[in-house]
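Dear colleague,

I am handing over the structure below, together with some notes on what turned up when I went through it. Please read the notes with the model open beside them.

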Amino acid sequence: MSNESNKGPPGAITVGFSLLTHLLLVAPVIYILVVAFENYSFFSWHPICMSVGVGLLVTEAVFSVSGEAYIAWKLPRRNRVTIHWILHTIGLTVIGIGFIIIIVNKFKHDRPHFATTHSQLGLSTIIMTVMTAAFGILANNTVWVYPRVRPVLIKVAHACGGISMTILLLATLINGTYSHWWSGTDTGRDLIFASLFFAGVLILLKPILGAVSRCRVIFGPPSSDT
């Protein structure tokens, strides 16, 4: 039986870590929403969807499965995985809506598609996101390919893809505040950069360590079974 069921309640440092991470995520999202609604138009729904989808839903999905979302510390890993894919599904749906909105807006104003660094970065991120989601489905159903493919290989691929996807999503969100639509202050924009950067570091620290540990299992010397 897993020792997760015997895990005690989180300590003060752990709770503080979780609260700090969520504060670093929520604050910039609120600021982006305020700026988007100040100059409201159809386009405003693009940054609204992207900031909510990335800054609140996708990041929380990563946080929930890493074991650091201590609001649900009593839940076993299987339940946290369920929360993980539900939040990801909702978040990626919201991001997809934001992606469609910007495409429609480009057609509406007869502007070229994927002509800026932000749009090219966003397209690359969407592609990476779809690939990672596909590996996520496979990682949750490794029996489909076992024993042809070792489950640990699929889980490592999904973990590495998820880490890369999260970095790209945050980078795209930050980069969007440096485009022409931004009407907030330069200081506010820099604070968004710093806040999301440090939140990303805190969120991805444990998943990166976990991926490294699994890579050691794959590339390390084979274990001797007795």
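The notes below cover the fold, the confidence, the aromatic rings and a few backbone details.

This is a predicted model, in which local features need pLDDT of at least 70 and side-chain atom pairs count only at pLDDT 80 or more, while totals for chains, interfaces and linings use all residues. Residues are numbered from 1 along each chain as its sequence is written, and side-chain values use heavy atoms, with hydrogens and water left out.

The chain has 6 helices and 0 strands, where helices (H or I, at least four residues) and strands (E, at least two) are DSSP runs numbered from the N terminus. Of its 226 residues, 38% count as buried; buried means under 20% relative accessible area, exposed over 50%, and partly exposed in between, with a 1.4 Å probe and protein chains only. The accessible surface comes to about 13100 Å², and carbon and sulfur atoms hold 70% of that (Shrake-Rupley method, 1.4 Å probe; for residues, only the protein chains shown count as cover). Among contacts (heavy atoms within 4.5 Å) between residues at least 6 apart in sequence, 74% join residues at least 24 apart.

As to confidence, the mean pLDDT of the chain is 87, and 89% of the residues reach 70 or more; pLDDT is the predictor's confidence in each residue, from 0 to 100. Over residues 1-5 the pLDDT is below 50, and this stretch has 4 contacts in the model beyond near neighbours in sequence.

A search of the whole structure finds 10 aromatic pairs. Rings of Phe, Tyr and Trp (its six-membered ring) pair if their centres lie within 6.5 Å, and planes under 30 degrees apart count as stacked, over 60 as edge-to-face and the rest as tilted. The rings of Phe37 and Tyr40 are stacked, because their centres are 6.1 Å apart and their planes stand at 10°. Phe37 is partly exposed at 46% relative accessible area, and Tyr40 is likewise partly exposed at 48%. Tyr178 and Phe193, by contrast, form an edge-to-face pair, with 6.4 Å from centre to centre and 90° between the planes. This second pair links distant parts of the chain, since Tyr178 lies in the loop between α5 (151-176) and α6 (186-219) and Phe193 in helix α6, 15 residues apart. Ring pairs also link Tyr31, Phe43, Trp181 and Trp182 into a cluster.

Tyr40, which lies in the loop between α1 (12-38) and α2 (45-66), also belongs to a nonpolar surface patch with Phe37, Phe42, Trp45, Ile100 and Val104, with about 590 Å² of accessible area together. Patches are made of residues with over 30% relative accessible area and no salt bridge, like charges being joined within 9 Å and nonpolar side chains (Val, Leu, Ile, Met, Phe, Trp, Tyr) within 5 Å; a salt bridge is a side-chain nitrogen of Lys or Arg within 4 Å of a carboxyl oxygen of Asp or Glu.

Some backbone details remain. The peptide bond from Tyr146 to Pro147 is cis, with omega near 10°, and Pro147 is found in the loop between α4 and α5. Asp110, in the loop between α3 (77-108) and α4, has a positive phi near 50° although the residue is other than glycine, and Asp110 is exposed at 72% relative accessible area. Phe114 is found in the loop between α3 and α4, and its phi is near 50°.

Best regards
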